[in-house]
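Have a look at it first.

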Amino acid sequence: MMSFFLNPWVMAAGVALAVSPIIIHLINRMRFRRIQWAAMEFLLKAQKKMRRKKILEQLLLLLLRILLVLLAGLLFARFLGSDPSQNKETRPVLHVIVLDDTPSMTDTGSAVGGKDAFTRARSLITDKLLPSVAKASTPQTLRLIRLSDQGDMLNPSANPDKAPDTISLTTIESVKGLLASEKTAPIHVGIVPGLKKAKELLAKSPGTETAKVVHIVSDMRSADWTRDTEAITLAVQELTDEGVKVHLIDVAAPNRTSDPRPPAYSENVGIVELKPRNRVTAFDKEVEFDLRVRNYGVASLKDVRAEIYVNGAANHFVSVRFDTLPGGQDATLTFAVTFNASQGATMATKEDPLAKFNVITAILDNTGADAIAADNVRHAVVEVREKLSVLLVTRPPDDDKPTNKDGDSFALRLLFEETKLSGTNVVSGTADSLDKLDLHEFSSIYIVNIPQLSKSQVGNLERYANEGGGVGIFLGPNVTVEQYNNLLYRAGTGIMPFPLPAEPTPELTKEQKLKRGILSGAGLSQRVLLRDRTARTHPALRGIYETKAGSDKDTAQKVEASFTLVEIERHWPIARIGKWREDRSLQELYCLPNEQSISEFEARVKKLNDAIKSKYGEPKFEKYRSTIDSILDKCRSLAADPENPMLSELARQLDKLLSDQINEGDASEALLREFWSQPEMAEAKALAQSIRDSSRYGDPLYVARTFGNGRVAVFTIPVGAPWSTWPSGLGLSGWVAVMTELQKYLSSGSSEDNRTLGAKLEASYELGRYKPEANWSFLTYDAATVEKGVQKLPPIRDPMPGQTAKAIPLESTDTGMKLNFADTKRPGAYFFTLTWQKRDGDPLTAPATKPEYLATAFNFDTELEGDLKRLNTSDFSRVARGAEEIHSLEDDSWLGVLEQKPTDMSSGRWIYLLILLVLIFEQAMAVRLSYHHKADELETFAPSAAAAMAGRTTVQTAEAEVATTNESV
Amino acid sequence: MAKRNEDDPRRFLDPKVIARITQLELRARQIVEGFLSGMHKSPVYGQSVEFVQHREYMPGDDLRRIDWKVWSRSDKFVIKQYEAETNLRSYVVVDASESMLYGIEKHRKRGTLYKYDYVSTAAACLAYLTTKQQDSCGLITFDEDVRQVIPPRSSTTHMDAITKALHISKPKAKTDPMKIMRRVAESMHSRGLVAIFSDFLCDREALFKGLEMLRHRRHDVMVFHVLDDDELTFPFSGMTRFEGLEEQPHLLCEPRSLRDGYLEALEEYLVEVRRGCTKIGIDYNLIRTSDYLDAVLSRFLFQRMATRAAPVRR
């Protein structure tokens, strides 16, 4: 019993004092005075009436007073609760501190010059947490792990047998020294690995003998706790299920309060992505970069600029400026950089792998509202070759002479060698070349009207594409359907995006040619159609349709205009059915017009006519009727025309009807747009669009898809003859534009992920193709230590020039060789040199070994570390179910538990609240029962007596009574 | 107030009080018959000097009372009515029960009047006033029974007998109002004025029956309901043992807790007494012992005079 109290004797005194109200009451009963009283009748009556109520009230008051004394006794006796051992740990305690050292911990909060979250975390650990733990009466041990690498900071050698350090003043001092030199890591790591590491460390100590506590010291951002919530909840639950106490300590500024509203957080803006559209380019060729910036704050930012550095040197020809950057949104700007031979600052020798690559650095100007500096810098790597090699795979020269103007690849070769794509080195080859040549040397490979490929050739081609290469396929009359479908399409798993039909379209009759205007050379409509508006932004067409500063705005119009002059007589009619249509990686870019007979649309046109006319009878449609009627009449007459005009004519009329074609100066367009916006016309509009699309779009012409890390583009026609005269006819300008974009697309290099620090680099290679050991080096330009506007950024290299290169083994597996690289903790460019080795079957001219290079950039994970929004306090009970209540830096109350200081009632608020309530109630009762005479009390209860006391002759009622009596008398 | 000699029966005639009220006439509201010629109205209109009113002649009226002057002027028979004055025969009835003793010690210490003292003084004053104006006044004191009866006399020496009777009557027993009123009624052979001074802490049913009996005999009854201030306000606090007078039980209580109930019961009682008196045509006056006696009597006499202007024929 005595163990329930810290001061048991005070409680004994309290219990004794609790009877004092009763004793006082009894003494009062014994000490009374006597009054001889005449009006006992009223007194007895009053007592009879009030007795029960008054006794109850008096008893309640007595009880309240007893309770008050008891509560005071409990308070001063320091009651420990019904289970005094509950809060007191008797076992040794193992503490595991998980210290969040991710980049977001550099946030200083809103305070200028304030301490960052990491410094606050260090102070918490060394000044509060550990000193509190050291006060505990049982042995306390410690393990301290960084979240970034989950390494035990007190056991740097990772000795599995090392026992955790006992927490003492000496340990605290050594931890203080250890943490003083510690800095935040540049990589993002979630909470889960830290929890798992903590669990692993705790598992080494037997649970029954040791109490376990995990302290997660972090800035508690939403991005950390709401991403992969299930795993976090599970990891916390696994700990708490084993009896581990999990403390969450928020060290971000400003301090978290009990306010249910979301805690305040710092504004931040950072570069999310810097992506070159071509990872491989030739000298003096322009490469476009997309710079994506995100404003993580709430307020909109204006005039945010970024400076571009090429190999550390400021590039004054490029200007990147965001006029406005709305809060919580991304903005992307595209800029172009042209590389020339003199630019490569790192090109010491040709053997130096760095000589082949250029590092582009974008630095965001400090916007003022920016909490994290590391996310303002981003690097990208572009491989610059003297010329880009293109492999044209055609039929053997016996069948297809490269110099023959009507040859399969003549136009392409001409284009690459002599026209716009002059930086291209064209290599002619046959199907066998796919076996014999090292395909990695080529930026793109074109398969032109090849009848068939062997299994190994298809395998090589697919591997090449899978590893980032670009493959263009031109179908032609020599294509073997069975071979293509079985080897290249392979039910959707191969490189071909779709299966081929049994036959290409038949040759056109003379009438058909006349109708199309082929013979007359005067096309009436576009022979190549953009399949969808979204195709305009596809990387393979973006160059044509994208409007950017300094570019020719009319390019798209000129190209589209040239499409009316294209002559395509035959093609492979790919059916728009089958699962290839559902493939998201694939997009149909261009198609041919529909060649069906217009009479087949007569019924549908009539249906559309009826649908519109049944609805437009209302007076509000009157002003549209004449325009609508004229177009509908035209459509009907076209559909019913016995001369069977071009279906595209109908499509054009329907376009006009739907006012989708912008004809400047045509007043009817605005009118028609107004007409279609009427809700009654929704159904008719859908029908009109359906007829227009089906009448306009014919079979696919140009389809592009991604394949592994690479790209594949397929034309359903040959490059030129014999089915098409596109490159040799009047539509040449459009063909050049399309092919230029195709080549850019195919040679743009592997579709580089937006690689972030801490991520792994994985690359697969053919077994035995490379020596099992590769070298790697690192290059970055230090933007953090230089001042704004500096012209030259200092390079940081690892290893330094002249030092031995760092080696990394290639892992050999059954399927091939793999490069696995994980040491990506520094933002910058990573270069790998692999040694190609000659094998049997390789061309005789090939050297025995030659170096091959791979480069990529790893950058700060802005998406995961840039958003400093903090998780709501209330959400932790859901995400970290089972963990202790989240603590803030200013809240020291929870440290008492660590000190194993017995907590009694006096440390809680409710006892004081209870005493206050009882006191208020007791006072209220006392006042109620104290019978302070009120001025009007006598008047209220005994008006007659009040009248007598006031010297009045009688009361009002009495006067009335007298009057009534007199009247009755 | 000067120190009073408790053994002197004439202490009840307070000279200051007497001096203030002798200037007033005592007018009985009700006209009484009497053989003495006094200042009090007779209920019979007869041969007197004071004309009251004319009334139309009715067959059976005395022809002598026809006002012939009116007839000569208006040719109508009207009768002249006069009022006659009679002698007042009054009784002062004083409650001498034990309940009238409340607060004796306290009041003696303070030199103020306790209930019996107060009513005795009031009664003596009234008797003095009555005899001074040549009316006859008697005294009856009672507790459980009639203790003293002083028949009405109009001589000034009669005051000795009255004051001695008041002095002798030490309050002690329980009040039995029915019995007392019957005795009072029996003692008064002709109609007169009965002034009753009591705290009426008795059985109300019996009280009203007794008063009704007096009224039935056509006496003009005045009730002076005298209560101590303490009884009206119940100002006690602290644990108190109330020891009942007149054989009432004792009660140990915290008086503050019962005050509301006490006041409610008191009000109920006061209303009952007042209504009961009013109902049977009795003048009721609630007086507290701290009221100035002269003020009370003056107020009473003014009230009575006010009613004279509108005599009621009974």
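How many residues does the contact take from chain B and from chain A? Chain B gives 44 residues and chain A gives 38 residues, where residues are in contact if their C-beta atoms, placed from the backbone, lie within 7 Å.

A word on conventions: this is a predicted model, in which local features need pLDDT of at least 70 and side-chain atom pairs count only at pLDDT 80 or more, while totals for chains, interfaces and linings use all residues. Residues are numbered from 1 along each chain as its sequence is written, and chains are lettered from A and ligands numbered from 1 in the order in which they are written.

On the side of chain B that touches chain A, helix 9 of chain B supplies the largest share, 19 residues. Helices (H or I, at least four residues) and strands (E, at least two) are DSSP runs, numbered from the N terminus.

Strand 1 (residues 33-37) of chain A pairs with strand 10 of chain B in the parallel sense over 5 bridges; pairing needs at least two DSSP bridges between the strands. Gln36(A) has Glu243(B) as its bridge partner there.

Now to the helix pair in chain A. The axes (lines fitted to C-alpha atoms over the stretch in contact, with angles from 0 to 180 degrees between N-to-C directions) of helix 17 (residues 622-639) and helix 18 (residues 647-658) of chain A come within 10 Å and cross at roughly 165 degrees. Therefore helix 17 of chain A is roughly antiparallel to helix 18 of chain A, a label for angles over 145 degrees.

| Helix of chain A | Residues making the contact |
|---|---|
| Helix 17 | Ile631(A), Lys634(A), Cys635(A), Leu638(A), Ala639(A) |
| Helix 18 | Glu649(A), Leu650(A), Gln653(A), Leu654(A), Lys656(A), Leu657(A) |

Methods. Two residues are in contact if their C-beta atoms, placed from the backbone, lie within 7 Å. Angles under 35 degrees count as roughly parallel, over 145 as roughly antiparallel, 65 to 115 as roughly perpendicular and the rest as oblique.
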